[in-house]
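Please look at the structure shown below. The paragraphs that follow lead through it one region at a time.

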Amino acid sequence: MIKNYFKIVIRNITRHKTFTFLNISGLAIGIAVASLIMLYVKFEWEYDKSYPNTDSIYRVIQRQPGNIFMGTDYFGVTQEPLGRTLQLEFPEVNNYVTMSSWKDVVINIDRKKNYEEDILYATAPNLFNMFSFEFIQGNPENALSQQNTVILSENDAKKFFGNDNPVGKTITVRENETWTVTGVFKSMPANSQFANYGIITSFETYASTLNNREQTFAWGNNSWCTYVQLKNGINPEFTQTKLPYIIKKYVNSATGSKKVREYYLQSLKDTHLYNKANFALNENGDIKIVLVLIAMAFIIITIASINYMNLSTARASLRAREVGVRKVIGANKIQLITQFVSDSIVYSIVAGIFALILDLLFLPSFNQLVGIKFSSTALFQPSFLIGFLVITLLVGLLSGAYPAFVLSNYQPAQVIKGDNAKGKHSALRRILVVTQFAASIALIACTFIILSQMNYIRNKDMGYNRENIIVLPLKDASVVKQLELMKNDLNRHSSIVEVTASSHLPININSSTHVKISGETGEIDVQSYQMYGDYNFLPTFGISIVDGRNFSKSVATDSANAVLINQSLARSLGLKDAVGKTLNINGDKYNVIGIIKDFNMHSLHQKILPLFIRMHEPWLQYLSIKTKSQDLPATIDYIKSVWNRYAEQRAFDYSFLDSDFNSLYKREERFAEIVSYSSGLAIFIACLGLLGLASFIVEQKRKEIGIRKVLGASVSDVVGTLSKQFLKLVFYANIIAVPAAYYFMTNWLQDFAYRINISWWIFVLSGGMALLIALITVSSQTIKAALSNPVKSIRYE
Amino acid sequence: MIKLNNISKYYENKFIKTFVLRNINLEINEGEFISVMGPSGAGKSTLLYIIGMLDTASEGEYYFYDEPVHKMKEKKLTELHKSHIGFVFQQYHLIDELTVLENLETPLLYQKIKTSERKGMVADLLDRFNMVAKKDLFPNQLSGGQQQLVAIARAIITKPKLILADEPTGNLHSGQGKEIMELLKKLNDEGTTIIQVTHSEENAKYGNKIIKLNDGWIEK
């Protein structure tokens, strides 16, 4: 039976080429998009869920109400003694891990080979037990029990030592520490927070590198990620309610601070996608992106399925006779439904094959879009293939169900006599077309709005200059010590205008503290962002001074106790005439020597907040070099030669400030790309469907067109009448699309402190664009029909 | 075999009933060959479809082998229809996408007959109708007469007790028409009950009884 069905489908596929092409290309794109998105969603969804203990692991995060930092007052970092204390105080805490990391550390192997790696240091062996590290060599219990020992991931071991046995070999860290390899662990999957960490050492080894161990490990220092594992069956709420006790007993008594803080237990399962805290071991995912992608997959699949439904029901009249005959010779309804559903499943399977090819072709672009490196082998893993098959079959089932229902309902007595159901179901078809175009137009409008907000961001005057500025991260203290010499050498080049070293770049200042001033009504305490700079900081970035003066080499005390504050800080402190006033910053006194004009020191999601700038060389982290725009390669070569003169051991990494600035909006860029690609695909697939419908209807109306022409209608009359009915649908679609897009985009823009107003022309533009595309699509068919010789089509009947 | 009591068929449209058949009383015995005649629009085809269970009467009772067809659910109807009745149409109504062999096979598929048995039945029939050489051709590669032969072969492959033929020779020239009528006659001789709708007096003579329909009434 099934064989018989398939024969018919295959013959139909090869006979009705246009119909086949339109359907299969639409479905293939839909399946390809959905399956790639499935790959990504699975990756993100399973992030950090592969450990056997996942369900019982919690991250401790703290909230410092009002201490808003980068838009949130939640912090992913806590104090070093916290984990230990929780286990001591609460019997339900089974295990704890305290950890942190160094990024981009120089590693030497055999004094020769140079690598820059991230190093994780953690309480061992707790880490290995909690997160179930698999040891290939060495064992979790005592691998890191000695100081200055280290374990490597399988991948890093191979990278550093090739096929030699790494155990017993040494690696040199930051040129002065030598650590012995005592074990090798199986590399963690890419969707694990440990994926980037191929080098793990113990807290003890880390501590031995510190000068101020006491202070670093005290209750006053919030720098560590703390994870706890609760006994099975323990409700985290139960433990969480007891956390204020810890704050009272340990944190407040040890630090003497009355700062309000709260601890929360965040399930490990939520830390990646639902993170709301600052600081984490890795860049976090974003549930919003995941949801947006799922929505896009759904929209595109739906549009493609609607194509199938519409083209199939439109063509149903052609198959009505077949249905009648089959019923006459004994088919029952179920058998017919089976036949037509297997029809659509065959279509979707053929489309699936093409979709797999599309997946392979577009995987690199998709990787770029979502920022994850999936290899093409991921497309052949059973889990993906099963999901892929499910999507394919589901698409077949969804698109086929309705046409099957329509077709199997034909009454043989009627269709066999020849009065087939021409006009039926066209109302539903219209509704479906409107749905497709409403979704497409809404997406186009969203794209325009997102792009104009991005454009607004790029062009808004941030209050500083970011053109032609090359940034070098100073990487470590040994380089900073050579700073003056480097600056002098750089300044010698004619294309270099200014050179400045600073602790932060003006695009993103992410350190903050409290500033106090004693006023008439008592002490005013203001939370303010802070950074360190030098004499050239303001001129390099073109930040202007509204009152007072910049740091000056001729005033010796400037490097010790001078401070520049921005207008916001002056306002917050209630100072009208701030220059000359004395501020208390962390217990030290500073003289305000100048007020600088407010500039946006974060992404435009945030308002301009108080900021002050001091001078202190050891904290400098970036060298910013303002160059003339011409002959950039030569200038960069020169900068590189200077760098190599003073910091040869460190790789020469440079970036342009404007591209760093753009990377602040990586999430938005990604969002914009996702939405714009989706809208392109959506309108494309919708037009495929429209093309099919138009060609079908034109075919059906050949006689009508012929008669009209005989009666004197011009070509444009005919094209007009035929196109009008389609354009009307697109017009209705606009009416639905506008409020939908407006609603979603208003929501999205709420996240920006500085944003565009959504103006009406965006909707006119997107609607007009859709209308135009639809018109071109439909015209290709209608014009052909209108130009045909009427005599032929009339005789044809 | 077939008993119709006061069968009427009408379409209702805004309180106006348009009658196609009125108070038809008819009894047909097994082995009969009946010709239904009458002008266009007399309700001949509708009567045929109602007897063939492809259409339902608006009023009246229909007994098929003493079973009340007018009370049956669709599932039972399909069952009864497919095991007892074969249809032949003026326009042949073969499935264009299937070859001769596949067209013949399809009714057997719906009856869920085993592959080996099915192949045998199809082969027998092809042989009997001298169409072995044409078994892999598609309907549009055959002449009208040949198509109608295939259609008849398809109608009898399930060995129905009753064959309903709606102007089977209407699209054929006289030579081919004669051939088809001879074939129907032969089937009748072998025991199959046949009801045909026809305009041709000549073809009507192949039957042993003529029913004349006019404006939905049976003319007595």
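Helix α9 of chain A covers residues 243–255; helices here are DSSP runs of H or I with at least four residues, strands are runs of E with at least two, and both are numbered from the N terminus. With 13 residues, α9(A) reaches 17 Å from its first C-alpha to its last, close to the 18 Å expected at 1.5 Å a residue, where the expected span is 1.5 Å times one less than the number of residues.

The model is predicted: local features need pLDDT of at least 70 and side-chain atom pairs count only at pLDDT 80 or more, while totals for chains, interfaces and linings use all residues. Residues are numbered from 1 along each chain as its sequence is written, and chains are lettered from A and ligands numbered from 1 in the order in which they are written.

Chain A as a whole comes next. Its secondary structure comes to 27 helices and 23 strands, and its C-alpha atoms fill a box of roughly 100 × 60 × 55 Å along the principal axes. Of the 797 residues in chain A, 42% are buried; a residue counts as buried if 20 or more other C-beta atoms lie within 10 Å of its own, as exposed if 12 or fewer do, and as partly exposed in between, with C-beta atoms placed from the backbone. Among contacts in chain A between residues at least 6 apart in sequence, 82% join residues at least 24 apart; two residues are in contact if their C-beta atoms, placed from the backbone, lie within 7 Å.

An automatic or database domain assignment supplies the domain bounds. In chain A, domain 1 takes in 1–47 + 288–424, domain 2 runs over 54–271, domain 3 takes in 438–460 + 665–797, and domain 4 runs over 476–649. The centres of domain 2 and domain 3 of chain A, taken over C-alpha atoms, are separated by 54 Å.

Strand β7 of chain A (residues 149–153) is mostly covered, with five of its five residues buried. In a regular strand the side chains alternate between the two faces of the sheet. From β7(A), Thr149(A), Ile151(A) and Ser153(A) point one way, Val150(A) and Leu152(A) point the other way, and all are buried. Strands pair if DSSP finds at least two bridges between them. β7(A) pairs with strand β9 (residues 177–185) of chain A in the parallel sense over five bridges, and Ile151(A) stands opposite Gly183(A) in β9(A). Three bridges also join β7(A) to strand β10 (residues 199–202) of chain A, and these two run antiparallel; here Leu152(A) stands opposite Ile199(A).

Further along chain A, strand β19 (residues 582–585) is joined to strand β15 (residues 512–519) by two bridges, and the two run antiparallel. Val515(A) stands opposite Ile585(A) in this pairing. β19(A) also pairs with strand β20 (residues 588–596) of chain A in the antiparallel sense over four bridges, with Ile585(A) opposite Asp588(A). β19(A) and β20(A) form a hairpin with two residues between them, and Asn586(A) in the turn has a positive phi of about 50°.

Chain B contains an open sheet of four strands in the order β2-β1-β4-β5, with antiparallel pairing. β2 (16–28) and β5 (67–68) of chain B stand at the edges with a single partner strand each, so one side of each is left without a neighbour in the sheet. Within this sheet, β1 (residues 2–13) and β4 (residues 59–64) of chain B are joined by five bridges, and the bridge partner of Ile2(B) in β4(B) is Phe64(B).

Another open sheet of chain B has six strands in the order β6-β7-β8-β3-β9-β10, with mixed pairing. Its edge strands, β6 (85–89) and β10 (217–219) of chain B, each pair on one side only. β6(B) and strand β7 (residues 162–166) of chain B pair in the parallel sense over five bridges, and Ile85(B) has Leu162(B) as its bridge partner in β7(B).

The last topic is the contact between the chains. It takes 18 residues from chain A and 19 residues from chain B. On the side of chain A that touches chain B, α1 (2–15), α11 (287–328) and α14 (412–417) of chain A each supply at least two residues. The largest share of that side, five residues, comes from α1(A).
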